[in-house]
Amino acid sequence: MIKIESKLIQPNLTHKIRLSVLWPHKNISNCFLAEDNLKDTFHVGTFLKNELVSIGTFIYQNNIIFDENDKQYRLRAMATEKKHQGISMGRKLIMFAKNELIKRKVKLLWCDARKIAIPFYENLGFKSQGEFYNIPKIGPHKLMYLYL
C-alpha cells in the first residue's frame, strides 16, 4: 500500500512548491507570505511516500463579505506538484485541514481561487461569490468559501 500522509509542516517547507507551481515569476527567496509565521497561521503538507507533494497555508483572517461573527480562516498558496495533480493529494490536504479548522472552532474557510482550480474547490463543497477579478502576473481568480 502506498503511504500518503497529511500533517502540519513548517512554513519553509512550502517554498519549493510555491515557486514551481504558483509563482514561477519569483525566486525561492521571495516565496514566503507575510502571514507565514503568525501564531494562528498553520501550514499543511501532504506526503506521498515521504515526498512533500501538496501544500496549503491557513491564515486567521476575516473577509468582510461574510458574517464577522463567524471565525474565519483564509486558504492561501495551495498547490500540488504538477506530476501529482489529479490523484487526490489536494483533497487529502483539505480534509486534514478541515479537521484542524474544526478543532479551532472555525466556521468559514475562504480563498481566492485561480480560475483553473474552481472545479477542484467546487468538488470539495466550496461555493463561489461574485465575479472574476485579475491578480497581476497570475491571472483570473474568484472568491470561494466553505462553511464548516
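How many bridges join E6 to E7, and do they run parallel or antiparallel? I counted 6 bridges, and the two strands run antiparallel. A reminder to myself before going on: this is a predicted model.

**Entry 1: the end of the sheet I started from**

Staying with this pair, I looked up who faces whom and found asparagine 134 opposite proline 140 in E7. The hairpin of E6 and E7 has 3 residues between the strands, and in it lysine 137 takes a positive phi near 70°. On its other flank I checked E7 against E5: 7 bridges join them, and they run antiparallel. Alanine 113 has lysine 142 in E7 as its bridge partner. I also asked how enclosed E7 is. Of its 9 residues, 7 are buried, so the rest of the structure largely encloses this strand.

For a parallel pair I went to E4 and E5, which are joined by 4 bridges. There, leucine 75 has cysteine 111 in E5 as its bridge partner.

**Entry 2: the cores**

Which residues touch the most other members of the largest nonpolar core? They are Phe58, Leu75, Tyr121 and Phe126, in a core of 20 residues. Strands E2 (42-48), E4 (72-80), E5 (108-114) and E7 (139-147) each supply at least two of its residues, as do helices H2 (89-103) and H3 (118-123). The most comes from H2, with 4 residues. For context, nonpolar side chains in soluble globular proteins tend to be buried together.

**Entry 3: rings**

I searched the whole structure for aromatic pairs and got 7. The rings of phenylalanine 42 and tyrosine 73 have centres 5.8 Å apart and planes at 50°, so I logged this pair as tilted. Phenylalanine 42 is in strand E2 and tyrosine 73 in strand E4, so the pair ties together parts 31 residues apart in sequence. Are these two buried or exposed? Phenylalanine 42 is at 3% relative accessibility, which counts as buried, and tyrosine 73, at 1%, is buried as well. Both belong to one aromatic cluster formed by Phe42, Phe58, Tyr60 and Tyr73.

Phenylalanine 66 lies in the loop between strand E3 (51-60) and E4, and tyrosine 145 lies in strand E7, so the pair ties together parts 79 residues apart in sequence. Phenylalanine 66 is buried at 7% relative accessible area; tyrosine 145, at 18%, also counts as buried.

Two lysines turned up over rings. Lysine 7 lies over the face of phenylalanine 47, at 4.8 Å from the ring centre. Lysine 115 has its charged end over the ring of phenylalanine 132, 5.3 Å from the centre.

Most residues other than glycine have a negative phi, and I went looking for exceptions. Lysine 49 has a positive phi of about 50°; this residue lies in the loop between E2 and E3 and is exposed, with a relative accessible area of 59%. Lysine 105 has a phi near 60°. Its place is the loop between H2 and E5, and lysine 105 is exposed, at 62% relative accessible area.

Note on methods:
Residues are numbered from 1 along each chain as its sequence is written. This is a predicted model: local features need pLDDT of at least 70, side-chain atom pairs count only at pLDDT 80 or more; totals for chains, interfaces and linings use all residues. Side-chain values use heavy atoms; hydrogens and water are left out. A nonpolar core is a set of buried Ala, Val, Leu, Ile, Met, Phe, Trp, Tyr and Cys residues joined through side-chain atoms within 4.5 Å. Buried means under 20% relative accessible area, exposed over 50%, partly exposed in between (1.4 Å probe, protein chains only). Rings of Phe, Tyr and Trp (its six-membered ring) pair if their centres lie within 6.5 Å; planes under 30 degrees apart count as stacked, over 60 as edge-to-face and the rest as tilted. A charge sits over a ring if NZ of Lys or CZ of Arg is within 6 Å of the ring centre and within 35 degrees of the ring normal. Two strands pair if DSSP finds at least two bridges between them.
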